[in-house]
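Let's take a friendly walk through a protein chain together. Keep the picture at hand and follow along as we go from one part to the next.

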Amino acid sequence: MPDLIELSRRSALATADLVATIKPADLDRPTPCAGWAIRDLLEHQIAQNHGFAFAATGERSELESWQPRPLGDDPVAEHTASVQAVIDAFAAAGVLERRFHLPEVRDGGPFPAAQAIGFHFIDCVVHGWDFAKALGVPPNVDADLAEAALPLTEQVPDSPATRGPGRAFLSGVAAGDGAAALDRVVAMLGRSPAWTPPA
């Protein structure tokens, strides 16, 4: 079984490296997430990191605590703090024996720790790709992370009941013959690997 805690840590840090390059003028750049600018994606990621960090305690949380909040004066520092919070939470002793309550996912759980950490890992991989595309730089997802994300992504249900506007992911699209693992991951989660910012 892959070390999901380490995979999640590496993917979160890779995303943080990209976020560290974001300047105030970048916040309104469009992203591959329909209707979201970089600021929206940052708000989402910060909320998700803190949400998963709390879920790692095994305690219940309300859906409201997972809702994005407006960015403050230093979005990069906010994101960095959220990344450290989730890394520390997943590294806590006994975390893999806990059950995670995730009010945004299906019936809220509780989910086995490994499955929940896998959700966070996929989220970081895909949104790391989103940030890179929005910033116009190459994605910094290591090949082994993309390969590890593939089988987990294949388990994400793709039906009208689970995909579409207002949901976590859109319906999957074709990645193209011979596509790299990362392109296959993002395509399965509704993104065109060839996406570029609108002119």
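Predicted model: local features only at pLDDT ≥ 70, side-chain atom pairs only at ≥ 80, totals over all residues.

Now look at the helix itself. H4 is made of 23 residues and reaches 33 Å from its first C-alpha to its last, close to the 33 Å expected at 1.5 Å a residue. Is this helix mostly covered or mostly open? It is mostly covered, since 19 of its 23 residues count as buried, a label that here means under 20% relative accessible area. While you are looking at a helix, here is a handy idea: an α-helix has 3.6 residues a turn, so residues three or four places apart point the same way.

Now zoom out to the whole chain. You can find 6 helices and 2 strands in it. Starting from the N terminus, the order of these elements is α-α-α-β-β-α-α-α. The C-alpha trace spans about 45 × 40 × 30 Å along its principal axes. How does the radius of gyration fit a compact globule? For 199 residues, such a globule would have a radius of gyration near 16 Å, and because the chain has 16 Å, the two agree. Of the 199 residues, 45% count as buried. Contacts tell another part of the story: among those with a separation of 6 or more, 67% are between residues 24 or more positions apart.

An unreviewed UniProt entry annotates residues 12-131 as "domain: Mycothiol-dependent maleylpyruvate isomerase metal-binding". Such annotations may be inferred rather than shown by experiment.

Next, visit the loop between strand E1 (99-100) and strand E2 (111-112), where you will find Pro110. Look at the peptide bond from Gly109 to Pro110: it is cis, with omega near 15°.

Aromatic rings are our next stop, and the structure holds 3 aromatic pairs. One of them joins Phe90 and Phe100 in a tilted arrangement, 6.1 Å centre to centre with 50° between the planes. Phe90 lies in helix H3 (residues 75-90) and Phe100 in strand E1, so this pair ties together parts that are 10 residues apart in sequence. Another pair, Phe111 and Phe119, is edge-to-face, with 5.6 Å centre to centre and 80° between the planes. Here Phe111 is buried at 4% relative accessible area, whereas Phe119 counts as partly exposed at 23%.

Finally, let's follow the charged side chains. How many salt bridges are there? The count comes to 6. In one of them, the side chains of Arg10 and Asp144 meet at 2.8 Å, N to O. This pair links distant parts of the chain, with Arg10 in helix H1 (residues 4-19) and Asp144 in helix H5 (residues 143-153), 134 residues apart. Arg10 is partly exposed at 23% relative accessible area, and Asp144 is partly exposed at 40%.

A second example brings Arg39 and Asp28 together at 3.1 Å, N to O. Arg39 sits in helix H2 (residues 38-55), while Asp28 is in the loop between H1 and H2, 11 residues apart from it. Arg39 is partly exposed, with 28% relative accessibility, but Asp28 counts as exposed at 57%.

The last example takes us back to the helix where we started. Asp130 and Arg191 form a salt bridge of 2.8 Å, N to O. Asp130 belongs to helix H4 (residues 113-135), and Arg191 lies in the segment after helix H6 (181-188), 61 residues apart. To finish the tour, return to Arg10 and Asp144: salt bridges that share partners join them with Asp142 into one network.

Conventions: Residues numbered from 1 in each chain as written. Heavy atoms only, no water. Helix = DSSP H or I, 4+ residues; strand = E, 2+ residues; numbered from the N terminus. Salt bridge = Lys/Arg side-chain N within 4 Å of Asp/Glu carboxyl O. Buried < 20%, exposed > 50% of the residue type's maximum accessible area, 1.4 Å probe, protein only. Phe/Tyr/Trp six-rings, centres within 6.5 Å; stacked < 30°, edge-to-face > 60°. Expected span 1.5 Å × (residues − 1). Rg over C-alpha atoms; globule rule 2.2 N^0.38 Å. Contact = heavy atoms within 4.5 Å.
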